[in-house]
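Morning, everyone. Please bring up the model, and we'll go through its packing.

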Amino acid sequence: MSERHDVVIVGGGLVGASLAIALDRAGRDVGLVEATPAGTLPTVFDQRNLSFAAATVNALTALGVMQRLGTAPGAITRIHVSRAGDFGRVQMDAAQYQRPWFGQVVVAREFGTALETCLQGLSHLTRYRPARFVRLGATVDGYRQVFIADDSGERCLLARLVVGADGTRSGVREALGIDVDEHDFEQTLFVSRVRGARAPDGTAYERFTDTGPTALLPRGDRHFGAVHCVARDQAAAVQTLDDAAWLQRLQGAIGWRAGRLLESGPRSAYPLIQVLAQALVGERAVLLGNAAQTIHPLGAQGFNLGLRDALTLAELVADAQDPGSDALLQAHVARRAEDRAQTIAFSGGLARLTSNPAPLMRPLRSLGLLAAQATPMQSMLVGGAMGFRGEVPALCRGAGA
């Protein structure tokens with residue numbers, strides 16, 4: 001006999017696990033299909049640095065996740081943005097906006113461990129792991145068939161709503177027949193933990209170059225989270241650099257604003273390809289997170305956007321008689337439209353603008369930096385960076401925190 005659930009979430013990563021926790025608060029019966037076995041975190045929970053916007057911190061605090069972090073996060077109290085070869089810069093201070101910080105920096109692995117602790121305490125969750133999504137079946141009596149495979153073979157789950165939170169190459173999206181628009185930035189992102197001669201003071205530095213952004217983020221362990229973007233054809237050479245040469249390259253890109261960089265942890269590399277689903281919903285199904293949109297990491301908006309997707313859905317599902325109805329799914333799409341469109345336009349557009357080497361772009365970018373330093377423009381940028389775009393989910397506004 002097939003197991004029945006209000007919601008089946010395919011994918012136990014950042015967005016899928018967060019959604020499961022939010023739905024449990026509403027008393028919804030949830031099935032979570034996870035590729036990794038018990039005792040093992042998904043590979044997405046590695047040593048990369050996650051920059052949580054203020055709206056995200058509000059929500060994860062309300063859900064009880066932030067309190068379970070093993071190490072205190074690093075608060076971003078100031079932001080410093082510049083572009084190599086251009087004049088002008090943008091400096092923002094949270095105190096000017098009567099806030100203690102703009103956001104917080106968390107190590108992905110520690111976040112994964114905190115999510116796992118929360119998942120273990122949920123009372124309305126059934127976990128299928130290790131298991132892989134196979135295909136979608138018919139809708140029978142208001143339940144969509146979800147076929148998965150585990151060590152015992154193939155089995156069928158029944159869900160009023162199926163959530164595809166299974167990443168950039170989403171199997172659920174493919175099963176729904178939803179096409180994507182792709183744009184290869186021809187860049188590769190390197191991330192690592194870096195120790196400097198001076199401990200972080202809460203300032204997040206971002207420096208744009210012809211090959212993409214470089215950033216230093218203040219972690220809670222007195223190290224920086226380093227993010228360095230290079231042209232794809234340089235990636236192999238950068239990967240093979242020894243630590244001294246890597247630090248020299250990183251120092252040259254970011255400058256000396258944060259002081260001398262002394263030591264680096266292991267590097268991880270990620271090719272940057274934007275993948276946007278052409279539709280977000282199908283019959284009793286919805287896409288969230290990277291399955292819906294994988295965007296350029298400039299501005300660190302990817303997970304923050306995906307979490308707002310998930311929490312909007314959780315609000316709609318909480319009291320719905322039918323969590324997979326067409327009306328509910330269309331309401332979700334409508335509520336997410338403004339935030340999604342603006343965030344995608346900001347990350348992708350800024351990535352193209354700031355890496356364009358054309359001489360004509362230099363004075364235009366410089367004027368843009370000067371304009372962004374002005375209070376009205378800066379206030380708009382700050383609101384977006386903190387996750388307050390469009391119709392914000394209640395937990396992001398701090399309700400219940």
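Start with the largest nonpolar core, which has 74 residues. Within it, Ile9, Phe111 and Val163 touch the most other members. A nonpolar core here is a set of buried Ala, Val, Leu, Ile, Met, Phe, Trp, Tyr and Cys residues joined through side-chain atoms within 4.5 Å. Buried means under 20% relative accessible area, exposed over 50%, partly exposed in between, with a 1.4 Å probe and protein chains only. Helix H1, residues 14–25, gives this core its largest share, eight residues. Helices are DSSP runs of H or I, at least four residues; strands are E runs of at least two, and both are numbered from the N terminus.

A caveat on sources: this is a predicted model, where local features need pLDDT of at least 70, side-chain atom pairs count only at pLDDT 80 or more, and totals for chains, interfaces and linings use all residues. Residues are numbered from 1 along each chain as its sequence is written, and side-chain values use heavy atoms, without hydrogens or water.

Now Phe111. Beyond its neighbours within four places in sequence, its contacts (heavy atoms within 4.5 Å) include Leu14, Phe45, Phe52 and Phe303. Phe111 is among the buried residues of H3, as are Glu116 and Cys118.

Last, Glu34. Where does Glu34 sit? In the loop between strand S2 (30–33) and strand S3 (49–53). Glu34 is buried, at 4% relative accessible area. Leaving aside neighbours within four places in sequence, Glu34 is in contact with Gly12, Arg127, Tyr128, Arg129, Pro130 and Ala131.
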